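Colleague: I'd like a close look at one spot in this model and at what surrounds it. Could you walk me through it and then zoom out to the whole chain?

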Amino acid sequence: EARAALIPRADQRNRAIRQARLLLEVARRVAEPVESFPPGARPPVRMGLYRQAIYWTLVGARSDDAAPPSDLAGAWSAADPERLRRAAHDDVNLQELKRSLIDVSRPDPLDISEQDAERARDFAQALLDELDGPRRRVERTLAKRWSRVALVAALLILAVFGVRKIVLGPNL
């Protein structure tokens, strides 16, 4: 049942999703640097990375094999509105995200708040998690199956040693 829910993806869609994962990881490293960065505003850098991650996630979520849209606005308009709403959690948040991600008519492009960047991160992660849901379900099912097999094997080994100890009796 879990495998049946997996949708086979074309190579280009897999590459798009891998790119989205990479961009989210780079954005995480910008948000939580190990070494110090040069001075500058990090939220705009992260927002740019989240824009790209969202774009590639939406490209990877497409069900058709047509050429992908050239920008985030095109990918957004071609995306399933219900998927966007679920990832944003509500319509108000979705409108705020659209304003901060697509309608970038700010007087100062460096004037992006930490809250906007966090909202974009959560949205990008939710979109990617929804795409990865069926694959993770298969992985969890296989992990449960193999852990049960290992538990049965361990119980059998303990039973064999217990029977051996009873059959041999005490060491005289």
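Modeller: Let's start with Ala75, which sits in helix 4; helices here are DSSP runs of H or I with at least four residues, strands are E runs of at least two, and both are numbered from the N terminus. Keep in mind that this is a predicted model, where local features need pLDDT of at least 70, side-chain atom pairs count only at pLDDT 80 or more, and totals for chains, interfaces and linings use all residues. Numbering runs from 1 along each chain as its sequence is written, and side-chain values use heavy atoms, with hydrogens and water left out.

Is Ala75 buried or exposed? Ala75 counts as buried because its relative accessibility is 4% (buried is under 20% relative accessible area, exposed over 50%, partly exposed in between, with a 1.4 Å probe and protein chains only). Setting aside neighbours within four places in sequence, Ala75 is in contact with Tyr55, Leu58 and Pro69, contact being heavy atoms within 4.5 Å. Thr57 is 18 residues away from Ala75 in sequence, and their C-alpha atoms are 9.3 Å apart.

Leu58 also leads us to the core. The largest nonpolar core has 36 residues, and Leu58 is among those with the most contacts inside it, along with Ile54, Trp76, Leu84, Leu101 and Phe123. Such a core is a set of buried Ala, Val, Leu, Ile, Met, Phe, Trp, Tyr and Cys residues joined through side-chain atoms within 4.5 Å. At least two of its residues come from each of helix 2 (11-31), helix 3 (42-61), helix 4 (72-78), helix 5 (81-88), helix 6 (91-101) and helix 7 (114-168). Helix 3 gives the largest share, 9 residues. Take Ile54: beyond its neighbours within four places in sequence, Ile54 touches Leu72, Leu101, Ala120, Phe123, Ala124 and Leu127.

Zooming out, the protein has 7 helices and 0 strands. The protein is more spread out than a compact globule, because its radius of gyration is 24 Å, well over the 16 Å that the globule rule gives for 172 residues; the radius is taken over C-alpha atoms, and the rule is 2.2 Å times the number of residues to the power 0.38. The C-alpha trace spans about 90 × 45 × 30 Å along its principal axes, and 30% of the 172 residues count as buried. Of the contacts with a separation of 6 or more, 65% are between residues 24 or more positions apart.
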